[in-house]
Amino acid sequence: MKSQQNIGAHIFQTPFGKIMALRENGIIKARSIRYAYSERYQMPIPVQTSDSEIIYPDRTPVSPQVISPLIEKMIGAIDLESFEIDEATQYLSIIRPEKIEENEKLAVIIWIHGGSHEIGCGDLATSDATEWVKEQNIIVVSISYRLGMFGFLGGNETRPANLGLFDMIEGIKWVKTNIESFGGDPENITLLGQSSGGDAIAHLMISEGVDGLFQRVIIQSAPLGLRDSRQKMTAEFLNKTEAIKDEPDVLKMMEDYKKMVPSVIRYGLKAVMPFGTQYGFPPLCREDEVVEKWKQKAHEYDVLIGLNDDETAFYLKTSEALNKYFGTGFGQKIMNQTVRLTTEKIYGKPAELFAKNYALAGGNVYLFRIYSKLESDHIGAAHSIDLPLLFGNEAAWKSAGLLKNIPWEYIHENGRKLRAVWAEFARTGKISDQTEIPEILEIRKM
């Protein structure tokens with residue numbers, strides 16, 4: 001049992017109300033605070049202030065979703081008993097150091113989780129920021145939002161597009177208004193996202209209604225190569241799912257829509273991520289305006305953007321069917337070349353183009369790439385390898401296939417340095433020449 005000296009309650013007095021938090025082992029965590037609510041396919045409505053004490057729920061709310069066998073294999077099994085399905089999953093959690101100086105204002109990082117805009121949650125153990133918060137004396141807020149059919153498929157009067165983005169905006173507004181009560185600096189907020197979370201942040205930069213809400217962004221492994229020319233595919237998907245849009249059993253809806261996803265043969269690589277941000281609908285501009293909009297933001301946001309060197313190995317090198325034919329010899333050379341080509345097409349070239357355009361427009365932007373330096377690591381620096389590096393938490397990653405041949409000491413040592421680099425950027429928007437860079441990281445100012 002944990003001693004009472006190490007664990008206890010803490011009450012935060014905020015403009016939102018009195019919020020119950022848990023104090024444990026050097027950090028304080030206020031979890032699962034509802035920042036908005038919504039009806040199905042409706043805009044989020046901010047939660048009003050309360051005179052009552054706001055107590056977190058027993059189980060973590062999570063958007064309806066189908067568990068991915070690949071994610072369970074590569075990252076870890078999900079303890080379903082710890083989660084409660086909630087269509088209106090507009091919740092956020094806050095982690096801060098237990099002890100901070102009086103009147104100290106800490107840099108704030110808002111975590112937007114990935115998962116192809118259809119799976120995941122802001123409160124998974126694999127992205128628990130406890131180690132990072134304790135090491136770097138920062139505040140990390142994780143935001144959950146609507147996913148899949150509820151958040152990232154729309155385009156008509158009954159099903160608006162981009163509801164998940166609107167959820168995020170409401171969550172960021174909540175942080176801006178209330179984070180000072182937690183010791184955070186409302187004028188020093190960084191958005192951090194990985195995979196589809198990084199894609200969302202790139203688009204939040206050019207969304208309506210975000211002026212002054214954040215100062216910088218960290219975009220990790222965003223599949224920006226899949227963002228173009230999605231309208232026809234999305235319209236087909238929307239039309240196919242019309243028959244199940246009002247299904248009261250959300251788990252049945254999740255199973256049914258899987259039979260309706262767009263064909264990769266017909267739509268190419270973009271069909272591997274059928275849900276997404278949609279241009280030409282609020283809060284976004286038309287697709288042909290996007291690049292210019294990003295350039296116009298060059299003097300508003302500091303940007304740190306990059307990827308892992310073997311992103312698509314997460315999907316390709318873990319496939320038993322593919323390994324049967326491409327696991328050894330000449331087949332392995334073909335596999336490695338396919339990983340290289342698809343990684344650059346989906347992640348690498350789009351990130352570099354984004355950074356170049358941003359720099360040419362006068363923006364402060366850094367481009368990074370994470371590598372694998374271990375010969376024993378068959379998969380390499382695959383998609384999601386940045387998560388254990390950034391968040392640590394060995395216990396949460398102990399069964400992850402992603403780390404099968406990687407000693408935790410290697411992850412911890414490189415991760416400790418990476419966390420320091422990311423925190424420095426979040427505090428200052430800069431990375432100094434004297435900063436210690438982990439051996440797995442290459443980073444350059446554009």
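Me: Which helix gives the largest share of the lining of the largest cavity?
Reply: Helix H15, residues 408-428, with 3 residues in that lining. Keep in mind that this is a predicted model.

Me: How much space lies in the largest cavity?
Reply: About 90 Å³. The lining is made of 15 residues, and the closest to the centre of the cavity are Tyr-371, Ser-372, Ile-385, Tyr-410 and Ile-440.

Me: ok, and how do the residues of that lining divide into nonpolar, polar and charged?
Reply: In the largest cavity, 10 lining residues are nonpolar, 3 are polar and 2 are charged.

Me: Switching topic. How many cavities of 30 Å³ or more does the structure hold?
Reply: There are 4 of them.

Me: What volume does the second largest cavity have?
Reply: Its volume is about 80 Å³. This second largest cavity is lined by 14 residues, with Ile-95, Ser-127, Asp-128, Ala-129 and Ser-142 the closest to its centre.

Me: Which elements give two or more residues to that lining?
Reply: Two strands do: E9 (91-97) and E11 (139-143).

Me: And which element gives the most?
Reply: E11, which contributes 3 residues to the lining of the second largest cavity.

Methods:
Residues are numbered from 1 along each chain as its sequence is written. This is a predicted model: local features need pLDDT of at least 70, side-chain atom pairs count only at pLDDT 80 or more; totals for chains, interfaces and linings use all residues. Side-chain values use heavy atoms; hydrogens and water are left out. On a 1 Å grid over the protein atoms alone, a cavity is a set of points where a 1.4 Å probe fits but cannot get out, and a pocket is an open set with protein on both sides within 12 Å along at least five of seven lines; lining residues have an atom within 4 Å of a point. Grid points are joined across faces, edges and corners, and a volume is the space filled by probe spheres set on the points. Helices (H or I, at least four residues) and strands (E, at least two) are DSSP runs, numbered from the N terminus. Ala, Val, Leu, Ile, Met, Phe, Trp, Tyr, Cys and Pro count as nonpolar, Asp, Glu, Lys and Arg as charged, and the others, Gly among them, as polar.
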